[in-house]
Amino acid sequence: MLQYAVLAPFLTALFVPFFFRYIRAIHTGWLILPIPFGVFAYFLSQITTIAEGQNHDSLVQWVPSLGMNFSFYLDGLSLLFSLLISGIGTLVVLYSIFYLNKNEKLHNFYVFLFIFMGAMLGVVLSDNVYALYLFWELTSLSSFLLIGYWYERQASRYGALKSMIITVLGGLAMLGGLILLTIVTETTSIREMIAASDVVLESPYFTGILVLILLGAFTKSAQFPFHIWLPDAMEAPTPVSAFLHSATMVKAGIYLTARLFLLFGGTDIFFVLVTGFGLLTLCWGSYMAVRQTDLKAILAFSTISQLGMIMTMLGFGTKAAVFAAVFHIFNHATFKGSLFMVAGIVDHETGTRDIRKLGGLMTLMPISATLAFFGAFSMAGVPLPIFNGFLSKEMFFQTSLDLDTTSPLVASIAPFVPVLAVLGSIFTFVYSMYFFFHTFTGKTRGELKMKPHEAPIGMLISPVVLVIFVVVIGLLPNLINGAILTPATAAIFGEIPNKHIVFWHGFKLPLYMSLIVVALGVILYLTRAKWQAVYEWIPGVLSANKAYDSIYNMKFRIAGKTTRTYMTGSIRHYVLYILIFIVGAVGATLFVTDGFVIETADLAPISWPEIVVGLVMAVAAFATIVMKNRIAAILVLGVVGYGLSLLFVFFRAPDLALTQLIVETVTVALFLLCFYHLPKLDTEKTTPGAKTVNIIISGSVGVLVTLIAIASHSSKSFETIAHYFIKESHHLGGGNNVVNVILVDMRGLDTLFEITVLGIAALGIYAMIRLRDKEEID
Amino acid sequence: MRSNDIILKTTSTIIVFVILAFSVNLFFAGHNAPGGGFIGGLMAASAFILLYITFGLKTMKKVLRVNFRYFIAAGLLIAFATGVGSFIFGQPFLSHTFGHFHLPLLGDTELATAVMFDIGVYLTVIGVTMTIILTIAEDRG
């Protein structure tokens with residue numbers, strides 16, 4: 001059954017274009033809305049069985065010989081994410097029906113969206129690491145397509161490319177980590193890997209595996225310094241931002257970290273990396289969010305910051321912290337989804353998202369304002385029981401105080417953690433207030449493109465549903481505790497937590513921390529104008545975006561420069577590279593393997609005609625190099641050829657001698673014919689330096705080939721097969737000319753293709769000369 | 001133009017036949033003595049080239065109405081067909097055999113299928129050499 005839940009969105013994506021093409025009267029979104037809802041209903045029906053501790057699997061074989069299968073597995077953690085994906089997916093589809101009108105490229109939109117939904121379900125349900133990776137990259141790909149949905153805009157294309165590059169970078173690193181993990185544990189199943197946790201911990205690759213996999217998780221979940229793609233991804237349509245970039249895809253990294261928590265959790269390096277980067281992201285994201293002027297950019301940095309907070313809690317590694325992380329995953333999905341939808345409504349009804357132009361919308365858009373109020377105050381963690389964000393934030397503070405300090409490293413870091421947590425939360429409070437009050441209260445600033453009014457009812461349904469969750473969970477947090485949160489925590493941590501969420505802790509430290517946050521937050525918000533200048537110093541001119549852009553551009557510059565330096569277009573240079581490589585590689589091999597030997601035992605005697613011919617050939621060969629006249633050079637080269645034919649005579653090879661004689665004649669004649677038309681040989685214009693290089697290279701190639709020839713002659717490892725040919729030539733081939741029998745009979749295939757080569761050469765020459773473009777010559 | 005080459009023309013007409021005969025001899029001797037399709041083909045081509053040099057392209061075009069490009073195709077086809085022919089007898093590609101036969105005029109003669117393959121080589125080499133040289137010679141580019 002599970003595989004059909006994953007398959008359903010993909011299948012729907014297949015049919016969307018037909019719906020869009022043939023059923024124009026109804027908005028395509030309506031036609032496919034039942035699919036995510038059906039999937040959601042299916043997962044809802046599994047809640048009770050999962051809560052009872054029963055897990056589901058299903059297996060679809062893919063490449064069993066490599067251990068790659070679509071094996072799906074549903075436990076508490078997968079269920080939480082599946083419910084978020086299908087639930088918010090349903091709401092987003094509903095919202096998008098009112099957000100995008102029928103003139104948009106809806107077929108593209110819903111195909112991409114449903115591919116994404118299926119891929120995301122695949123990520124959270126896969127038990128096989130390779131299937132997980134497959135779906136992981138599918139989410140990157142579909143996210144890329146969705147961000148670039150309005151591809152006519154330059155900013156969309158930039159954002160899409162940026163997110164693609166960064167997430168795929170992390171995805172590939174993660175693949176490396178998963179492969180290492182497979183090698184170490186000898187299984188591709190995540191459950192079996194977790195069972196073999198001690199093998200992984202003792203493996204020498206442990207650090208490598210952890211860092212590579214965390215790199216994947218950090219890039220996907222927009223952790224510092226990879227957070228830069230998320231604000232640029234806001235070029236996507238708002239339903240996409242709400243779905244992908246707040247509730248689901250950015251939590252894939254969180255999911256992965258949580259899923260492999262049992263494998264890595266509790267080690268110092270895991271704590272340092274996850275908590276460290278999480279806290280950094282939390283503070284930096286909330287700090288930067290205050291600076292933004294675009295509603296969606298504020299929310300993007302807010303998402304970054306909240307993801308950092310969840311990461312931090314996973315890094316803590318205590319049971320309570322994991323529970324708090326799970327709780328906040330759920331809460332964040334509800335309030336951030338609704339806030340994005342509100343931002344979309346504001347954009348849709350006023351024509352701008354620039355917060356500097358907005359204001360005083362409360363009376364014009366009372367419902368949206370109410371929704372934004374709940375979302376923003378929950379995000380800020382305002383200490384009132386109607387906001388679920390406050391509860392999870394309170395748990396965050398509590399767990400930051402209760403770190404497991406048995407390890408000296410953790411103990412040395414632990415005192416700073418609550419301070420940083422409070423610091424990040426203060427800025428969270430500031431930007432949440434900024435988001436709400438600056439948009440909805442005060443007076444309208446500047447001219448708006450259209451007259452703002454309340455959004456259509458259909459557009460409001462989805463955020464209303466999400467806000468109901470914010471309030472209901474804020475009031476009755478234990479409603480989802482036993483059904484969803486406890487099984488999820490059990491799946492991550494391996495033990496069933498005995499946790500009861502209470503609003504009122506009594507006057508304890510976490511509450512004071514919350515009050516500090518509120519007090520300082522209010523002061524900072526009211527004096528905002530006075531300290532805004534701080535952004536001129538931090539980050540000032542430095543920013544991760546600039547670093548990304550300069551690396552991106554530098555890559556092209558360096559690659560271009562490198563290519564231009566060696567791809568000169570001069571064949572002389574390319575030959576030089578080839579020869580240098582041959583001399584280097586072969587020479588080094590000869591030297592390293594001690595391959596050079598001289599064996600003088602079975603050398604044949606040399607007669608004086610051979611010496612004379614050899615000397616003449618050597619002199620002629622040298623003469624061709626220094627010859628100034630082209631024709632003379634050809635003729636002197638002919639001397640070498642005829643000398644060779646003489647040598648063949650001496651070495652008793654009559655066939656070769658005959659062939660060589662005729663071929664040499666034909667070649668020389670052809671050379672003369674061609675070179676007759678060429679201009680006089682120019683004196684070479686190479687510098688003395690280049691000439692020296694040429695001499696050295698050609699000299700070393702000559703020496704190398706000579707050495708190889710001597711060495712190979714001196715080391716006869718096995719008997720020659722020539723004896724067989726000589727013995728059997730008459731008997732088997734019916735001829736006494738062994739050379740000819742070999743050519744036409746024993747090795748006839750070689751000859752067949754050699755004459756084919758000749759034929760092709762002749763036709764090539766014919767084609768080149770006869771069929772050339774006459775105009776080109778003129 | 002070529003007014004005074006009577007000696008060349010006279011000698012060439014005789015020599016061409018000597019060369020052609022030598023070429024055929026080289027070809028048939030190939031199996032037992034130095035020679036074979038390749039050398040024979042080159043030799044025959046050189047006889048034709050001598051004719052072209054002596055009488056010029058225009059005259060030769062009228063006298064020798066052959067397209068040497070077809071030689072290439074014919075040669076390759078024969079060589080390939082020899083190879084395929086061994087399939088008829090259930091043998092691997094390019095298997096050769098030979099036997100001694102009593103022929104009316106020649107008496108006891110050894111016939112080998114390898115010779116058929118060599119004919120292919122012979123024709124291809126003639127075709128290739130002549131195509132290359134005539135193409136270049138006729139070029140007015």
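The text below treats the pair of helices, then the pocket, then the contact.

The model is predicted: local features need pLDDT of at least 70 and side-chain atom pairs pLDDT 80 or more, while totals for chains, interfaces and linings use all residues. Residues are numbered from 1 along each chain as written, chains are lettered from A in the order written, and side-chain values use heavy atoms, without hydrogens and water.

In chain A, the axes of helix H7 (residues 129-147) and helix H8 (residues 154-185) come within 8 Å and cross at roughly 175°. H7(A) and H8(A) are therefore roughly antiparallel (an angle over 145 degrees). Helices here are DSSP runs of H or I with at least four residues, and axes are lines fitted to C-alpha atoms over the stretch in contact, with angles from 0 to 180 degrees between N-to-C directions.

The largest pocket is lined by 30 residues, with A:Leu670, A:Leu673, B:Ile133, B:Ile136 and B:Ala137 nearest its centre. On a 1 Å grid over the protein atoms alone, a pocket is an open set of points where a 1.4 Å probe fits, with protein on both sides within 12 Å along at least five of seven lines; lining residues have an atom within 4 Å of a point. H2(B) supplies the largest share of this lining, 9 residues.

The contact (heavy atoms within 4.5 Å) takes 36 residues from chain A and 38 residues from chain B.

Terms used:
Helix = DSSP H or I, 4+ residues; strand = E, 2+ residues; numbered from the N terminus. Parallel < 35°, antiparallel > 145°, perpendicular 65-115°, else oblique.
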